[in-house]
Amino acid sequence: MPTPSIPSAEPLAQLPGLSPDNLSQLQQCGITTIKKLYTHTQTPNHRQQLAARMKLHQQYINKWAALADLSLIPGVGTQNCGLLLHAGVGSTVQLAQMPAERLHRQLLRLHVKMLGQNALCPTVAEVTQWIFQARRLARS
């Protein structure tokens with residue numbers, strides 16, 4: 001995973017998918033921000049060690065690592081990282097390689113399936129911007 005050069009002091013509590021117990025466990029491990037979670041889950045070995053320390057299956061750590069990675073992309077943030085993950089995008093590198101139109105269609109289908117509507121779906125322009133930002137991060 002590339003290291004985002006974006007400073008992020010967003011509290012870990014803003015990351016979707018964390019239960020209060022998981023949040024507390026992560027904080028006890030010294031992980032209090034999304035950026036720290038991203039940093040502490042850079043390699044499979046880091047994720048495995050954190051899972052063992054928290055006595056959790058590694059799939060949870062992998063999910064949180066992917067959400068942290070995606071949330072650091074400008075424009076995606078914590079508001080849209082879960083949407084991207086549900087659409088099958090698991091990393092900044094993967095997002096950087098996606099065609100905007102195809103991803104937008106996936107997001108539309110997901111919105112309609114989950115919410116019964118598409119009014120809140122990101123626009124093609126927003127998705128294009130996310131991909132542009134992901135490409136910038138993937139190169140750094």
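1. Cover over α1. In this predicted model, the buried residues of α1 are covered by elements that include α2 (34–40), α3 (44–54) and α4 (58–71). The residues under that cover are N22, L23 and L26, in a helix that spans residues 20–28. They sit on the same side of α1, because the arc they cover around the axis is only 100°.

2. The other face of α1. Turned away from the buried side is a face with exposed residues: P20, D21 and Q28.

3. After α1. G30 follows just after the helix. Its phi is positive, at about 85°.

4. α1 against α3. The two axes come within 10 Å. They cross at roughly 110°, so α1 and α3 are roughly perpendicular to each other; the range for that term is 65 to 115 degrees. The crossing is right-handed.

5. α5 against α7. Here the helices are α5 (residues 77–86) and α7 (residues 100–115). Their axes lie 10 Å apart, and the packing angle is about 95°. That angle makes α5 roughly perpendicular to α7. L83, L84 and H86 are the α5 residues of the contact. They meet L103, L107, L110 and H111 of α7. The contact divides into five nonpolar residues, two polar and no charged.

6. H104 in α7. Is H104 buried or exposed? H104, a residue of helix α7, has a relative accessibility of 12% and therefore counts as buried, the cut-off being under 20%. Leaving aside residues up to four places away in sequence, H104 touches C121, P122, T123, V124 and V127.

7. Points to check on screen. For the helix pairs, look at α1 with α3, crossing at roughly 110°, and at α5 with α7, packed at about 95°. For H104, look at the contacts with residues including C121 and V127.

Key:
Residues are numbered from 1 along each chain as its sequence is written. This is a predicted model: local features need pLDDT of at least 70, side-chain atom pairs count only at pLDDT 80 or more; totals for chains, interfaces and linings use all residues. Side-chain values use heavy atoms; hydrogens and water are left out. Buried means under 20% relative accessible area, exposed over 50%, partly exposed in between (1.4 Å probe, protein chains only). Helices (H or I, at least four residues) and strands (E, at least two) are DSSP runs, numbered from the N terminus. The arc is that of the directions from the helix axis to the C-beta atoms. Contact means heavy atoms within 4.5 Å. Axes are lines fitted to C-alpha atoms, for helices over the stretch in contact, and angles run from 0 to 180 degrees between N-to-C directions. Angles under 35 degrees count as roughly parallel, over 145 as roughly antiparallel, 65 to 115 as roughly perpendicular and the rest as oblique. A crossing is left-handed if the near helix is turned anticlockwise from the far one by less than a right angle, and right-handed if clockwise. Ala, Val, Leu, Ile, Met, Phe, Trp, Tyr, Cys and Pro count as nonpolar, Asp, Glu, Lys and Arg as charged, and the others, Gly among them, as polar.
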